[in-house]
Amino acid sequence: MARNRLNKEWQEVKRNPDPDIFLDLDGDSFEQWQAVINGPQDSPYEGGRFDLKIICTANYPYAAPQVSFKTKVFHPNVNFSTGELCVDILKTDWSPAWTLQYVCRAVIALLRDPNADSPLNCDAGNLLRNGDLRGFQSMARMYTVEHAIEGR
Amino acid sequence: MGNFAGTCRTLMCSLQVLTGTRRDGSQQHQFLDAAKAGNFAEVRRMLEEKPDLVNCQPNGRWSALHHAAHKGNLAAVQSLLERGASLTLKTREGLTPVEVASSSIFDHLLYLSLQASEAEEAKGKCSKRCASEEVLRTLTLWRFSPSNLPAGVCLSEEDSQCLICLEDFKEEEELRTLHCCHSFHARCVDGWLTEKSRCCPTCRADCAEAN
Ligand SMILES: [Zn+2]
Ligand SMILES: [Zn+2]
């Protein structure tokens, strides 16, 4: 089913694009996708544009897509070197009714609301857990400016 | 990274001033100022205008619910909860609204938060378990025909599409309708329920529980 369903999603994205999400095939197959998401307002990621790599296996949508950041991002739930993400909806809470566009929205929501309890980036997680919100925001802002605004 | 994080931080403080990351958010601060002053009439008024203020915590400030709980104002607490305030928000010190609550309403709030966490847990449970064949048999299986719904089957306007394959339902196709009233092609949903999770893909209700 993966191919038919992904084709439907592709048509739908072209018909109804989300202003904060650019989403398209990466190459000729439906397996690999690329996305660019806008950093959420009132967060240290604001103004940044972040590249995501999305891979859908033949078992999609029964299996969640694999999503990772290609742009460097300083965030407790994103692995700083690999860009791997830790978010429930891509792990235990996945539902086959969710689409790639929905997944991108969830990633934007994750940027807005970091979860310091399950950190993949300990430096970011520790700053938040120690209540150093300013420290966290400055670091996140610095990497946003360097990689998601000026480095693009 | 390690040390790098520490050395960059001072540098970044000045950069933060330059780029003004602390912009705007002033409405959020006004909202929390009202809550802090105990002016919950104003809090309610602002929420009616902008409901998503309810859980805001600009700069890690106390949420409105923290203030209401701390003041022991049960009516304000209830009104905030009705408007979606979360009992799991934390202060910078990691304290929940229950933990800062005045002793006069502490028990009541503790009870509410236990209830909330139980509901949360129950919701998570179905995602880790699959439906047995017996459970599957309790879910209505029928041939789609919009003019002729079997007894007990509800179908709303937006239910004309299977959210798993994203195809419209066609006459005579075999559908499975869960207790929550969400319908899918049987060929699309049966495998999900029996092999992956008992949660309804649309609303996450446990399909093993009739309502
Ligand atoms: Zn279907
Ligand atoms: Zn449902």
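A residue is called buried when its relative accessible area is under 20%, exposed when it is over 50%, and partly exposed in between. By that rule B:Arg45, with a relative accessible area of 40%, is partly exposed. Bear in mind throughout that this is a predicted model.

**Stop 1: a helix in chain B**

Select B:Arg45 together with B:Glu42. Their side chains form a salt bridge, with 3.0 Å from N to O. Both belong to helix H3 (residues 40–49) of chain B, and because they are three residues apart there, about one helical turn separates them. B:Glu42 has a relative accessible area of 25%, so B:Glu42 is partly exposed.

Next, select B:Lys50 and B:Asp52. Here too the side chains meet in a salt bridge, at 3.5 Å from N to O. B:Lys50 is partly exposed at 31%, while B:Asp52, at 58% relative accessibility, counts as exposed.

**Stop 2: from chain B to chain A**

Side chains of opposite charge can pair when their charged atoms come close. Over all chains, the whole structure holds 13 salt bridges. One of them is formed by A:Lys8 and B:Glu167, whose closest N and O atoms are 3.5 Å apart. A:Lys8 lies in helix H1 of chain A and B:Glu167 in the loop between E1 and E2 of chain B, so this pair joins two chains. A:Lys8 is partly exposed, at 32%, and B:Glu167 is partly exposed as well, at 24%.

**Stop 3: the sheet of chain B**

Stay in chain B and select residues 140–143, 174–177 and 183–185, which are strands E1, E2 and E3. In what order do the three strands of the open sheet lie? The order is E1-E2-E3, with antiparallel pairing. E1 and E3 are the edge strands of chain B, each pairing on one side only. From one strand to the next the twist averages 30°.

Four bridges join E1(B) to E2(B). To see one pairing, select B:Arg143, whose bridge partner in E2(B) is B:Glu174.

**Stop 4**

Switch to chain A, where four strands form an open sheet in the order E1-E2-E3-E4, with antiparallel pairing. E1 and E4 of chain A stand at the edges with a single partner strand each, so one side of each has no neighbour in the sheet. The twist averages 20° from one strand to the next.

E1(A) and E2(A) pair over five bridges. Select A:Phe22 and A:Val36, which are bridge partners, then A:Asp24, which stands opposite A:Gln34 in E2(A). Six residues lie between the strands of this hairpin, and A:Gly27 takes a positive phi near 105° there.

E2(A) pairs with E3(A) over seven bridges. A:Val36 can be selected again here, as A:Val36 stands opposite A:Asp51 in E3(A). Is E2(A) largely enclosed or left open by the rest of the structure? Five of its seven residues are buried, so E2(A) is largely enclosed.

**Stop 5: helix H2 of chain A**

Select residues 100–112 of chain A. At 1.5 Å a residue, the 13 residues of this helix should span 18 Å, and the end C-alpha atoms are 19 Å apart, which agrees. Its buried residues include A:Leu100, A:Val103, A:Cys104, A:Val107 and A:Leu110. The buried residues of H2(A) pack against helix H1 and strands E1, E2, E3 and E4 of chain A.

**Stop 6**

Select A:Cys86, in the loop between E4 and H2 of chain A. An unreviewed UniProt entry places the feature "active site" at A:Cys86. A:Cys86 is partly exposed, at 22% relative accessibility. Among the residues that A:Cys86 touches are A:Asn77, A:Lys91 and A:Leu110.

Finish at A:Ile149, in helix H4 (residues 133–149) of chain A. A:Ile149 is partly exposed, at 33%. The C-alpha atoms of A:Ile149 and A:Gly47 are separated by 6.8 Å, although the two are 102 residues apart along the chain. Other contacts of A:Ile149 include A:Glu46, A:Gly48 and A:Arg141.

Terms used
Residues are numbered from 1 along each chain as its sequence is written. Chains are lettered from A and ligands numbered from 1 in the order in which they are written. This is a predicted model: local features need pLDDT of at least 70, side-chain atom pairs count only at pLDDT 80 or more; totals for chains, interfaces and linings use all residues. Side-chain values use heavy atoms; hydrogens and water are left out. Two strands pair if DSSP finds at least two bridges between them. Axes are lines fitted to C-alpha atoms, for helices over the stretch in contact, and angles run from 0 to 180 degrees between N-to-C directions. The expected span of a helix is 1.5 Å times one less than its number of residues. Buried means under 20% relative accessible area, exposed over 50%, partly exposed in between (1.4 Å probe, protein chains only). Contact means heavy atoms within 4.5 Å. UniProt positions are given in the numbering used here, feature names are shortened, and annotations may be inferred rather than shown by experiment. A salt bridge is a side-chain nitrogen of Lys or Arg within 4 Å of a carboxyl oxygen of Asp or Glu. Lists of a residue's contacts leave out its neighbours within four places in sequence.
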